[in-house]
Amino acid sequence: MSLNIKKILSALLASTVIASSAAVGVSAASAKTTRKTSSSTAALQETASVSEEPVYDFSPVPGAAASDKTGEFTTIGYKHTVYSLDDYVLALKRTYRTNEELKSALDAAAKTDVDYVDNTKSKYFPKIGDQGQVGSCVAWSCIYYQFTNAINKMLDREATDEHTFQPMFLYNIYDGCGMPRHIENLLFTTGCAPVSMVRDTQNYTNWNAEYEIWREAANYRMRDYICFATFGEAGTEVSSPDDSNLAAIKAALRDGDVLSYAGPIGDYKYENVIAAPGVDKEIVGDQIVTKCIGSGVANHMMTIVGYNDNIWVDHNKNGKVDGGELGALKIANQYGTGCHTNGCFWISYDTLNKKTTVEGAVNDAKRSIPILGPGKWVVTKAYGTSGIFLEYTINSDNRTDNYIEITAKRNSDGMTYTRKVTPYFYSDYKRASNQRLNYQGKTGFCDGSMVSDLNLVVEDLDSNNFNDYTWSVRLVDAGGDSSQTTFKEVKIVDDNTGKTYDVDAQFPISLNGADKTVSFKKYYNFSKLCLPDASSITVGNAQKFTFKTSNETFGSTPIKYTMTISQNGKKIFTKVHKASAVNKSAGSSVVKGSWTPSKTGKYTVTISSTDAAGNTAERSAEFTVNSQKLAVRSINIDKGKYVDMCDQIKITPQVTGGKGPYTYSYYYVKGGKTIKLAENTKSTFKTKTFGTNSGSYKFIVKVKDSEGTVAQATQYVVVTPASVSRLVYDISNVVPGKTVKVGAEVNYLPEGLSGLEYVYTSEKDGKTETLTKSGDKQALWSPKENGDYNITVKLLLNGKAIAQKTDKFSVGTKDIAGMKTINVNVVSHVKRETAESGYKLHYWNAAGKIGDSDCVSLNSTKEKYVGFWKNAQVFYQYVAYIPDDSVGYKFHIGTRWFPEGIEVDDGDPKTTNTVYVFNYDGDRAVYTNE
């Protein structure tokens, strides 16, 4: 019995990492024929133009409460799982930062009359690629096709070599780690270099660790991603081109996006596209997948690039067009133009289903779903480089045995942010299986010079606030080998100002199984630039500008200060000041000279300074000069315009002009009724806590000045109803008497909401049973008989139902034709009795118990190699399908692992007590109890 573990792990990575991937875009796709516009079009278009203001407010401290003293810039995660077009629209609104980007995507979602899109013909899409003999399908689909298309569409540029991204740049970094989501996290942090800078597509070891390459890569990073739920199972079949289960994906394709997905390409069965109304002659004869039959293992990554609602496949072979036979998705593979039809093929809509919906078509017992976990990259102009980089050079013969950790401590309140810089932040490289290599992918010592944008440590970092933090780095040799790591250089470079910040240590620094923390030297700097209150900046009123200095960053006196006012890049006012004595211990506030604006508009104030030693510092800020007339310029909602049920928001009007003091009145309109929050109050803000009512709220703020003049403004807030996206089960193969844990994935509710209750029930043949609670969000269920059950979860908030979902669940052995099913005992712990006796495997028995009595000793003559760890590990239970033949048994473990099976050459078809044990990393143990 032999297994290609590396091949298995590659397939496993593809099916876990990729099946959860996601994509992005910002343009229009080509349309050739049209159908009647959907009734939802007008509503979508109306939503897109509610306001011209920015749609989102972005928290500068994600993942940290205001009172915390440590914060971490959270990595991207699966925030949005899309099950419908409504889900997709909501995810867009919560993801894009500006109305300009949002409107493009919403317009594309509304154009439901487009029935033919081919994004391979877009200027943004690269030429068909070829991954060659390297198992890099994840990188080619996600980076070469999807990331290239997304970035080019955002920047409206053609996919030349300079504008096409190199999949091997990041594939070489994450290869072999065996951890999920590496591609997404590396695109989020490191970014990606273009093909023009890294030419070799077959070298899968070189990290290309050169400053110039890594600096260019940092210019191009993704912001987030949206996952589309896998469809085609019972209840989510695609039965027509207008099926709602396809609506979200087609909306993304209409917006010019391409979507990576994982699929069992070995199961695809091909025919050729036949002539049909609405099908161009150039498509006739293309390869099209009409069946997906086999293991169902998603072991290859490909890319959805378009769709055609008019392609016909005669699934039932009766010579006429029947329901479910129209439509196909276009797929791009990465094996060159000689593969399929010029590198692409189609998958018919009905083939997307586990069971056909076409009347009279044959369902094969081994039919599987061809597309799993498609997703959309989100790139946005609002997220890019700060221009401030950590640059470092390391000399080592083992790139997996060292890393750098950087810390930023905010001077004002001690808030601390710490992060391993890329590419090390997402994984413990001591566990990596990608060999002992240097940065060039070879053996022996060499230098590696890399770059990391510091907005990965502090979000919204810029040159103005950089010195609001004290920066330090920890240099680490992890001690996983006997050789030392030499850190030759570590510095911070601000490309915006041309400044370089060095550390307070002498290089080189050599470490072996140790770490050393060094701090960065400071420049003279302003800690804050203060503007007058927004309400006082009006035409004809003299203004005073101030700045504050702090003792951490103070320079030597005397200091010369220069204030400049400019508009549209043109200086309109300049004044020079000199400071005398300065209180270094407490800092000082220096009042600048007055300036009287003569007209309305947007302006920039810049205060620059030079101390006695010649050090310079500069800060700028924008402000708006308004007319003297009282006005409510806008209403700020602290959590943005899209909030969750039961959330609390802060409503703050932005008032200018008039004559103070002001009084404020706050109202909202819901269901045609106007509700008063407060009237004639001096409070400059008001909070509103929502209940269980969702929908659109119109907020109105009226402001009265001391002369009785009244002004008002309105703002809309959309409250998203709570929803249960899906029910989850800890095991899928359940027989009567077996206990299964049932849970629910809930969206759009605040964390830690009190009064929330989950009620689970099972229903079969009209009989309903309430499941036993095991926790706040889960329940335990032990079905008494085989059959199909309806499992329902109902969410109650203080006794009121706010969401529910029902799911079908089958109880009973799920046999495959020609096979019988047994449960496989699964290792929970590995115990070493003494130094001499070897290992014992502690496994779950049929009764679910565990203990020394359930041990299988592996030190007998029947012992086989066991690659488990010495410490306790957690594993999951899988089911083995065993063909009953005279040759021996072949085990098929789970739905993704070892699809071709593992031969057991015991020659006895009656032996059913062979125990196979597997863990995630591919180690295996075999013990035959005869």
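Buried means a relative accessible area under 20%, exposed means over 50%, and partly exposed lies in between, computed with a 1.4 Å probe on protein chains only. The legends below describe a predicted model, in which local features need pLDDT of at least 70 and side-chain atom pairs count only at pLDDT 80 or more, while totals for chains, interfaces and linings use all residues. Residues are numbered from 1 along each chain as its sequence is written, and side-chain values use heavy atoms, with hydrogens and water left out.

**View 1. The aromatic pair of Phe466 and Tyr501.** The structure holds 29 aromatic pairs, where rings of Phe, Tyr and Trp (its six-membered ring) pair if their centres lie within 6.5 Å, and planes under 30 degrees apart count as stacked, over 60 as edge-to-face and the rest as tilted. Phe466 and Tyr501 form a tilted pair, with 4.7 Å from centre to centre and 50° between the planes. This pair links distant parts of the chain, since Phe466 lies in the loop between strand S15 (446-453) and strand S16 (469-477), Tyr501 lies in strand S18 (residues 499-502), and the two are 35 residues apart; helices (H or I, at least four residues) and strands (E, at least two) are DSSP runs numbered from the N terminus. Phe466 counts as buried at 2% relative accessibility, and Tyr501 is buried as well, with a relative accessible area of 4%. Ring pairs also link Tyr417, Phe466, Tyr469, Trp471 and Tyr501 into a cluster.

**View 2. The salt bridge of Glu391 and Lys491.** The structure holds 27 salt bridges, each being a side-chain nitrogen of Lys or Arg within 4 Å of a carboxyl oxygen of Asp or Glu. In the bridge between Glu391 and Lys491, the closest N and O atoms are 4.0 Å apart. The pair links distant parts of the chain, with Glu391 in strand S12 (residues 388-396) and Lys491 in strand S17 (residues 485-494), 100 residues apart. Glu391 is buried at a relative accessible area of 13%, and Lys491 is buried at 19%.

**View 3. The salt bridge of Asp413 and Arg410.** The side chains of these residues meet at 2.9 Å, N to O. Asp413 counts as partly exposed at 29% relative accessibility, whereas Arg410 is buried, with a relative accessible area of 19%.

**View 4. The salt bridge of Glu769 and Lys784.** The closest N and O atoms of this pair are 3.8 Å apart. Glu769 lies in strand S39 (residues 767-770) and Lys784 in the loop between strand S41 (778-781) and strand S42 (787-797), so the pair ties together parts that are 15 residues apart in sequence. Glu769 is partly exposed, with a relative accessible area of 32%, while Lys784 is exposed, at 67%.

**View 5. An open sheet of four strands in the order S39-S38-S42-S43.** The pairing in this sheet is antiparallel, and two strands pair if DSSP finds at least two bridges between them. S39 and strand S43 (800-811) stand at the edges, each with a single partner strand, so one side of each is left without a neighbour in the sheet. S42 and S43 pair in the antiparallel sense over eleven bridges, and Tyr789 stands opposite Phe809 in S43.
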